[in-house]
Amino acid sequence: MKDFKLDTPEKINTGFIIPENYFDNFSDRVFKQLPKKETKIISFYSRNKKWIYSAAALLVLALSLPLVYQMETSEEHLNAVDIENYLTQQSTISEDEIINLLEQEDIDQLRVNALRTNIKQNQIINLN
């Protein structure tokens with residue numbers, strides 16, 4: 001076998017021949033052969049539109065529920081206070097009229113409370 005030295009101008013002949021100026025316009029020719037397909041741009045908004053809408057709906061719901069709950073409780077509280085003030089200020093209303101306006105459940109609850117109060121008073125008296 002023949003010794004090969006890199007410093008010498010003699011090189012191994014591969015058998016392939018490259019035309020002159022082949023690599024000068026090589027990149028232009030390759031880009032011309034590529035298909036001219038434009039990339040499709042998908043925006044973040046259109047891609048996740050349903051998630052954005054559902055998040056917005058949840059946010060609105062989360063912010064409106066406490067307001068609705070607060071409005072309902074304040075109306076009930078005001079109504080009870082108004083009724084109590086009305087009943088205390090109107091001295092012409094008799095107990096019978098008040099009982100006629102109450103529902104049966106309210107009357108039963110008043111009786112239970114009165115019985116408990118009487119029982120507690122009797123226990124206190126018996127202890128003394």
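The questions and answers below concern this predicted model.

User: How many helices and strands does the secondary structure of the chain come to?
Analyst: From the N terminus on, the elements run α-α-α-α-α. The totals are 5 helices and 0 strands.

User: What percentage of the residues in the chain is buried?
Analyst: A residue counts as buried under 20% relative accessible area. The chain has 128 residues, and its accessible surface comes to about 13,500 Å², with 59% of that belonging to carbon and sulfur atoms. The buried share of the residues is 1%.

User: Which residues gather with Glu-103 in a patch of negative charge on the surface?
Analyst: Glu-103 is located in the loop between α4 (95-101) and α5 (104-127). Its relative accessibility is 54%, so Glu-103 counts as exposed. The residues that gather with Glu-103 in the negative patch are Glu-105, Asp-106 and Asp-108.

User: What value is phi of Asn-21 near?
Analyst: Asn-21 is found in the segment before α1 (26-33) and, at 56% relative accessibility, counts as exposed. Most residues other than glycine have a negative phi. For Asn-21, phi is positive, near 60°.

Technical notes
Residues are numbered from 1 along each chain as its sequence is written. This is a predicted model: local features need pLDDT of at least 70, side-chain atom pairs count only at pLDDT 80 or more; totals for chains, interfaces and linings use all residues. Side-chain values use heavy atoms; hydrogens and water are left out. Patches are made of residues with over 30% relative accessible area and no salt bridge: like charges are joined within 9 Å, nonpolar side chains (Val, Leu, Ile, Met, Phe, Trp, Tyr) within 5 Å. Accessible areas come from the Shrake-Rupley method with a 1.4 Å probe; for residues, only the protein chains shown count as cover. A salt bridge is a side-chain nitrogen of Lys or Arg within 4 Å of a carboxyl oxygen of Asp or Glu. Lys and Arg count as positive and Asp and Glu as negative; His and the chain ends are not counted. The place of a charge is taken as NZ of Lys, CZ of Arg, CG of Asp or CD of Glu. Helices (H or I, at least four residues) and strands (E, at least two) are DSSP runs, numbered from the N terminus. Buried means under 20% relative accessible area, exposed over 50%, partly exposed in between (1.4 Å probe, protein chains only).
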